[in-house]
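Hello,

I am passing a structure on to you, and I hope you enjoy looking through it.

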Amino acid sequence: PIKMDIRYEDQIEAAVHEVVNKFGGIDILINNASAIYLAGTMKTPMKRFDLMFNVNVRGTFAASQACIPHLLKAKNPHILNLAPPLN
């Protein structure tokens, strides 16, 4: 495992670099990081929304963007996006 914060692209880039150096490439990216706040729109503070958006949307995009150049070299590349259950 590599400790990083998915909200920061420099940490993503460093993790991708470390993985490629250790394993020689990337075959799959599993976007599993997520943040959730189970409240209605009127009860969700913008700070919470920003966290969810930065982790769930921006982080997923940034990780995908960082991995795609390496995935394009793989024989059978995949990106798997997961989300937490809502119950």
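**A66 and its surroundings**

Beyond its neighbours within four places in sequence, A66 is in contact with I12, E13 and V16 (contact means heavy atoms within 4.5 Å). Before going further, please keep in mind that this is a predicted model, in which local features need pLDDT of at least 70, side-chain atom pairs count only at pLDDT 80 or more, and totals for chains, interfaces and linings use all residues. Residues are numbered from 1 along each chain as its sequence is written, and side-chain values use heavy atoms, with hydrogens and water left out.

A66 lies in helix 2; helices here are DSSP runs of H or I with at least four residues, numbered from the N terminus. A66 counts as buried because its relative accessibility is 7% (buried means under 20% relative accessible area, exposed over 50%, and partly exposed in between, with a 1.4 Å probe and protein chains only). The C-alpha atoms of A66 and D10 are 10.0 Å apart, although 56 residues separate the two along the chain.

**How the two helices meet**

Helix 1 and helix 2 pack at an angle of about 35°, and their axes are 10 Å apart. The axes are lines fitted to C-alpha atoms, for helices over the stretch in contact, and angles run from 0 to 180 degrees between N-to-C directions. From helix 1, the residues E9, I12, E13, V16 and V20 take part, and they meet R58, G59, A62, A63, A66, C67 and H70 of helix 2. Sorted by class, this contact has seven nonpolar, two polar and three charged residues (Ala, Val, Leu, Ile, Met, Phe, Trp, Tyr, Cys and Pro count as nonpolar, Asp, Glu, Lys and Arg as charged, and the others, Gly among them, as polar).

**Salt bridges**

How many salt bridges does the structure hold? There are two, a salt bridge being a side-chain nitrogen of Lys or Arg within 4 Å of a carboxyl oxygen of Asp or Glu. One joins R58 and E9, at 3.1 Å from N to O. This pair links distant parts of the chain, 49 residues apart: R58 is in helix 2 (residues 46–71) and E9 in helix 1 (residues 9–23). R58 is partly exposed at 34% relative accessibility, and E9 is partly exposed at 42%. R7 pairs with D5, their closest N and O atoms being 2.6 Å apart.

**One more residue to look at**

T60 is also found in helix 2. With 17% relative accessibility, T60 counts as buried.

Best wishes
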